[in-house]
Amino acid sequence: MRVLFSARHSVSHLLAMTAAAQACASAGHEVRTAGPPDAPLSPALRGTSPPAPGWLPDLVVSAEDGAAETGARAAFPGGRVVRWTPLDHRSADGPAPVRIDPCPPGLRGGAESGAEPDALSVRQPTSHAGQLPYELREPHHLLRVCLRPGPAGSPESWTPERLLLVARAALGLDVEVIVLVPAAERVRITGALGALGGPGSFVRFAEPELLGPVLSTCVAVAHEGGPDVTLEAAAHGVTQLVLADSRPAGDRLDRIGAGRRLVTAEEPLETGSSLRLRRHLADLLYGGRALATAQRLRSAIAALPSPEAFAGRLEDLAAR
């Protein structure tokens, strides 16, 4: 079977399909990927390659919107196209006979988002890439809160001012804060964040690639609503505070009680924002209900079919 995993406009959507693509390749199928032309290829996908001219798939797994998916159908008229539903899509963008949704049913959108209760499910393995720095592997006596401001250049990524505001709110709760930013961007914010903790500051840093290992040590995470961090945190049973204007991840978490979303465009003055953030973080850390719901969400994700079982379902689809 020849399978094309296509997310030509989003690296994060392509990476979300990595485990499923690798499972298909391990099962002996011919796998190709189509992502943004100028995007660096993830090490996890270097065993695959773009489709060569004349290569025709039996099955296209597409994370595109309606227009791009129609293009995939036109480009590969002999192959069946199924839709991978990314977490940050608000609508289904038109009818699709078959959908694949990596979210557990409780975290899927309602009828208004086009979600289908009978969509195929697949468990996305938690990330264990890389090793935590020594200082983060030490036993810690404080609760840990992760801050993920988002990739540079993303419309929803935080400004340094917002990152400072969230860190100040978290540190007021006597927690250890771990900020995920690349070393190259760390210089301009290290001084300001370090000053918040005073002597023996509890602000630490880690590379964004260590998202999974860091979350495995945390109780809560504040982030910009990206689908990667949302599902990774859900798989670890971590409560979530989403600061974003347009992404629906926070709305879904808020609906089931595993997190909160705050609309950043409505932020009041800095002092009011800091107090509001601190109140919401305190509820996520100590309220009890959010922690219990996040743990149930983790169990629901663990019960989803493995990528290997999912590869078998794709074989059945192609055969039909």
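Which residue forms a salt bridge with glutamate 176, the closest N and O atoms being 3.0 Å apart? The partner at that separation is arginine 144. The legends below describe close-up views of a predicted model.

**Figure 1. Overview of the predicted chain.**
The chain contains 12 helices and 12 strands. Of its 320 residues, 51% count as buried. Contacts between residues at least 6 apart in sequence include 63% that join residues at least 24 apart. The mean pLDDT of the chain is 79, and 76% of the residues score at least 70. Confidence is lowest in helix α3 (residues 66-75), where the mean is 58. It is highest in strand β10 (residues 220-223), at 95.

**Figure 2. The open sheet of 6 strands.**
The strands follow the order β9-β8-β7-β10-β11-β12, and their pairing is parallel. At the edges lie β9 (203-206) and β12 (259-262), each of which pairs on one side only. From one strand to the next, the twist averages 20°. In general, strands of a sheet pair through backbone hydrogen bonds, in either a parallel or an antiparallel manner.

**Figure 3. Pairing of strands β7 and β8.**
Strand β7 (residues 144-148) and strand β8 (residues 176-180) run parallel and are joined by 4 bridges. Within this pairing, leucine 147 stands opposite valine 179 of β8. Arginine 144 is located in strand β7, and glutamate 176 lies in strand β8.

The salt bridge between glutamate 176 and arginine 144 has its closest N and O atoms 3.0 Å apart. Glutamate 176 lies in strand β8 and arginine 144 in strand β7, so this pair ties together parts that are 32 residues apart in sequence. Both glutamate 176 and arginine 144 are buried. Glutamate 176 forms a further salt bridge with arginine 204, for which the closest N and O atoms are 2.3 Å apart. Because glutamate 176 belongs to strand β8 and arginine 204 to strand β9, this second pair connects parts 28 residues apart in sequence. Glutamate 176 has a relative accessible area of 3% and is therefore buried, whereas arginine 204, at 25%, is partly exposed. Through shared partners, the salt bridges join Arg144, Glu176 and Arg204 into one network.

**Figure 4. The surroundings of arginine 144.**
Arginine 144 has a relative accessibility of 1% and therefore counts as buried. A polar atom of its side chain lies 3.0 Å from the backbone oxygen of leucine 136. The side chain of arginine 144 also makes a polar contact with the side chain of threonine 217, at 3.2 Å. When neighbours within four places in sequence are left aside, the residues in contact with arginine 144 are Glu135, Leu136, Glu138, Glu176, Ile178, Thr217, Cys218, Val219 and Ala220.

**Figure 5. The salt bridge between arginine 2 and aspartate 58.**
A search of the whole structure finds 8 salt bridges. One of them is formed by arginine 2 and aspartate 58, with the closest N and O atoms 3.6 Å apart. The pair links distant parts of the chain, 56 residues apart: arginine 2 is in strand β1 (residues 2-6), and aspartate 58 is in the loop between β2 (30-34) and β3 (59-62). Arginine 2 has a relative accessibility of 33% and so counts as partly exposed. Aspartate 58 likewise counts as partly exposed, at 30% relative accessibility.

Aspartate 174 is located in the loop between α5 (160-171) and β8. Its phi is positive, at about 60°, although the residue is not a glycine. With a relative accessible area of 52%, aspartate 174 is exposed, because the exposed class comprises values over 50%.

**Figure 6. Helix α8 and the glycine that follows.**
Helix α8 (residues 227-235) is mostly covered, with 8 of its 9 residues buried. The buried residues are Pro227, Val229, Thr230, Leu231, Glu232, Ala233, Ala234 and Ala235. In an α-helix there are 3.6 residues a turn, so residues three or four places apart point the same way. Glycine 237, which follows α8, has a positive phi near 75°.

Conventions
Residues are numbered from 1 along each chain as its sequence is written. This is a predicted model: local features need pLDDT of at least 70, side-chain atom pairs count only at pLDDT 80 or more; totals for chains, interfaces and linings use all residues. Side-chain values use heavy atoms; hydrogens and water are left out. Buried means under 20% relative accessible area, exposed over 50%, partly exposed in between (1.4 Å probe, protein chains only). Helices (H or I, at least four residues) and strands (E, at least two) are DSSP runs, numbered from the N terminus. Two strands pair if DSSP finds at least two bridges between them. Axes are lines fitted to C-alpha atoms, for helices over the stretch in contact, and angles run from 0 to 180 degrees between N-to-C directions. pLDDT is the predictor's confidence in each residue, from 0 to 100. A salt bridge is a side-chain nitrogen of Lys or Arg within 4 Å of a carboxyl oxygen of Asp or Glu. A polar contact is a pair of N or O atoms within 3.5 Å; within protein, one must be able to donate a hydrogen and the other to accept it, and residues adjacent in sequence count only if both atoms are side-chain atoms. Contact means heavy atoms within 4.5 Å.
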